[in-house]
Amino acid sequence: MRVMRGVVRGVVRGIGSTSLRPIAPQLMRALPSLNSSPLRSFSFETHDDFKPQPKQQLELQDIHQLIQQDVKENPLMVYMKGTPNAPQCGFSNQVVQILKHMGYDFRARNVLQDNMLREGVKQFSDWPTIPQVYVDGEFVGGCDIIMEMYKTGELEDLLEGSKAEKIA
Amino acid sequence: IRVTSMSARSKDSKKVTKESLSKVLSERIKGLEQCIVVDTSGGCGSAFELYLVTKAFDGVALLERHRMVQGLLKEEMKAIHALSMKTWTPAQWVKKKEKLPKELLK
């Protein structure tokens, strides 16, 4: 596990030397959208019907790259089932409610929109369940851990010391 | 690598029950003082909640505790969709068990 974490950290920090290959535009359109926290007044989530149909299959390699990019660009990143405004699982909903209650901005992707994303997310963190929360590029845990940390105050400390933005 | 089958439940994975899970955990975790397993999928064996108490968790970070248990359940995880767990040390258990519903502790 430590090696895995080290690899993730290494990629996130060493952006100067190990540059991320940009994801091809046609693939970017195929990916599930990046959704916003319910606290963002102008957050909108594109319905699948309106998204252009992908001509290319997403590969796991692309997903890993996407995740690296997601967690690098977004200090508080959540992979969940459903969207922040419409969670589709009790555990995902709990995480969203906690983050919303704490007032921190976050971004999320819906793993139910794409099977490759769902598998890739689990492989990347070597964690078998969804939701998954990343803070400053580091995997923090799933619902249980977030809940526990929230109760002990550890989560507030973590987020306060992170690059995550408090918007409420 | 193209992954063609996304099904978490493959034909080979045996059905997991709370009894089988309980047995496996008791065998694989050192000094397990408490092992409470709840099937939260209504008997389907696809979602479980675990309450595990052992001294082995002393001084171990929460994330590591979870990873430890998950590592021990690699095979079982193939058949399970959701796993919730409470991983406590004996000291934590003393306080936490007060707040648990009575049926759980039977």
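Leu159(A) touches Leu76(A), Leu99(A), Met102(A), Tyr104(A), Val135(A) and Ala164(A), leaving aside residues up to four places away in sequence; contact here means heavy atoms within 4.5 Å. This is a predicted model, so local features need pLDDT of at least 70 and side-chain atom pairs count only at pLDDT 80 or more, while totals for chains, interfaces and linings use all residues. Residues are numbered from 1 along each chain as its sequence is written, chains are lettered from A and ligands numbered from 1 in the order in which they are written, and side-chain values use heavy atoms, with hydrogens and water left out.

One of those contacts, Ala164(A), also touches Pro75(A), Leu76(A) and Tyr104(A), again not counting residues up to four places away in sequence. Ala164(A) sits in the segment after α7 (154–160) of chain A; helices (H or I, at least four residues) and strands (E, at least two) are DSSP runs, numbered from the N terminus. With a relative accessible area of 10%, Ala164(A) is buried, a label that means under 20% relative accessible area, with exposed meaning over 50% and partly exposed anything in between (1.4 Å probe, protein chains only). From Ala164(A) to His101(A) there are 63 residues in sequence and 14 Å in space, C-alpha to C-alpha.

Leu159(A) turns up again in the largest nonpolar core, which has 39 residues; along with Ile67(A), Leu76(A), Val78(A), Tyr79(A) and Tyr134(A), Leu159(A) touches the most other members. A nonpolar core is a set of buried Ala, Val, Leu, Ile, Met, Phe, Trp, Tyr and Cys residues joined through side-chain atoms within 4.5 Å. At least two residues of this core come from each of α3, β2, α4, α5 (115–125), β6, β7 (138–141), α6 and α7 of chain A. Another core, of 17 residues, lies apart from it and includes Leu21(B), Val24(B), Leu73(B) and Met77(B). In soluble globular proteins, nonpolar side chains tend to be buried together.

On to the rings. There are 6 aromatic pairs over all chains, where rings of Phe, Tyr and Trp (its six-membered ring) pair if their centres lie within 6.5 Å, and planes under 30 degrees apart count as stacked, over 60 as edge-to-face and the rest as tilted. Tyr79(A) and Tyr134(A) make an edge-to-face pair, because their ring centres are 6.1 Å apart and their planes stand at 85°. That pair links distant parts of the chain, with Tyr79(A) in strand β2 (residues 76–80) of chain A and Tyr134(A) in strand β6 (residues 132–135) of chain A, 55 residues apart. Both partners are tucked away: Tyr79(A) is buried at a relative accessible area of 0%, and Tyr134(A) is buried at 2%. Trp88(B) and Trp93(B) form a tilted pair instead, at 6.1 Å centre to centre and 35° between the planes, and both are buried. Ring pairs also join Tyr79(A), Phe124(A), Trp127(A), Tyr134(A) and Phe139(A) into a cluster.

As for charges, the whole structure holds 9 salt bridges over all chains, each a side-chain nitrogen of Lys or Arg within 4 Å of a carboxyl oxygen of Asp or Glu. In one of them Arg40(A) meets Asp105(A), with the closest N and O atoms 2.6 Å apart. Arg40(A) lies in the loop between β1 (35–36) and α3 (60–73) of chain A and Asp105(A) in the loop between α4 (90–102) and β5 (107–110) of chain A, so the pair ties together parts 65 residues apart in sequence. Arg40(A) is partly exposed at 32% relative accessibility, whereas Asp105(A) is buried at 9%. Asp105(A) also forms a salt bridge with Arg107(A) (3.2 Å, N to O). Lys86(B) and Asp144(A) form another (3.8 Å, N to O), and this pair crosses between chains, from strand β3 of chain B to helix α6 (residues 143–152) of chain A. Asp144(A) is buried, with a relative accessible area of 14%. Through shared partners, salt bridges join Arg40(A), Asp105(A), Arg107(A) and Glu165(A) into one network.

In chain B, 3 strands form an open sheet of mixed pairing, in the order β1-β2-β3; two strands pair if DSSP finds at least two bridges between them. β1 (32–39) and β3 (82–88) of chain B each have a single partner strand, so one side of each is left without a neighbour in the sheet.
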